[in-house]
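Subject: Structure handover

Hello,

Here is the structure I said I would pass on.

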Amino acid sequence: ELVKISFTNYLLFEDYIKFKKVKLKRKIEKCIEEEFYFEGIYILGSLIENIPKEIMKNHSKKNYNKNELSFANAIEYTKENNIFSEDICNDLNIWRDKRNKAVHKLIEELVDEDQLKEIVLSGHKIYLKLKEKYNV
């Protein structure tokens, strides 16, 4: 059963989402300052991945299943539909690959802090580019 939400409650929900995003943006800057790179990777992953995925869902108006709505597919979709530049898509794919490898190494306890730092700093730059260029 669908839950009905009033327009007022919807606006409050939208404000809450905006508030949470602002908190995450501040938190990533704090992670960089305080060298909490592991946490930074996860926060940036959430912020960065959500942008092309939301664009893909909203732009195409198609209902995607979980496998179809992957980060890689969303990057490709934004590139194919000229929503993001090829440079941004390349940066996103490089960052995604580095992030995935680092997370797998973290699980295996083989990653070093300098590598985490580089991934967080490059992810932060990509996020700022997305925010500036695409007003997200």
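The notes below cover the aromatic pairs, the nonpolar core and the cysteines.

Please keep in mind that this is a predicted model.

Aromatic pairs

The count of aromatic pairs comes to two. One of them joins Phe 38 and Tyr 42: the ring centres are 5.1 Å apart and the planes stand at 70°, so this pair is edge-to-face, as the term applies to planes over 60 degrees apart. Both residues belong to helix H2, which covers residues 37–60. They are four residues apart, or about one turn of the helix. Phe 38 has a relative accessibility of 41% and counts as partly exposed. Tyr 42 also counts as partly exposed, at 43%.

The rings of Phe 84 and Tyr 134 form a pair as well, with centres 4.6 Å apart. Their planes are at 45°, so the pair is tilted. Phe 84 sits in the loop between helix H3 (71–80) and helix H4 (86–108), while Tyr 134 is in helix H5 (residues 113–134). The pair therefore ties together parts that are 50 residues apart in sequence. Phe 84 has a relative accessible area of 3% and is buried, because the limit for that term is under 20%. Tyr 134, at 23% relative accessibility, counts as partly exposed.

Nonpolar core

Phe 84 turns up again in the largest nonpolar core, which has 26 residues. Together with Ile 48, Leu 92 and Leu 130, Phe 84 is among the residues with the most contacts inside this core. At least two core residues come from each of the helices H1 (7–33), H2, H3, H4 and H5. The most come from H2, which gives eight residues.

What does Ile 48 touch, not counting residues up to four places away in sequence? The list is Phe 71, Leu 92, Trp 95, Gly 123, Tyr 127 and Leu 130.

Cysteines

How many disulfides does the structure hold? The number is zero. Cys 31 is buried, with 2% relative accessible area. Cys 89 is buried too, and the value there is 0%.

Regards

Note on methods. Residues are numbered from 1 along each chain as its sequence is written. This is a predicted model: local features need pLDDT of at least 70, side-chain atom pairs count only at pLDDT 80 or more; totals for chains, interfaces and linings use all residues. Side-chain values use heavy atoms; hydrogens and water are left out. Rings of Phe, Tyr and Trp (its six-membered ring) pair if their centres lie within 6.5 Å; planes under 30 degrees apart count as stacked, over 60 as edge-to-face and the rest as tilted. Buried means under 20% relative accessible area, exposed over 50%, partly exposed in between (1.4 Å probe, protein chains only). A nonpolar core is a set of buried Ala, Val, Leu, Ile, Met, Phe, Trp, Tyr and Cys residues joined through side-chain atoms within 4.5 Å. Contact means heavy atoms within 4.5 Å. A disulfide is a pair of cysteine sulfur atoms within 2.5 Å.
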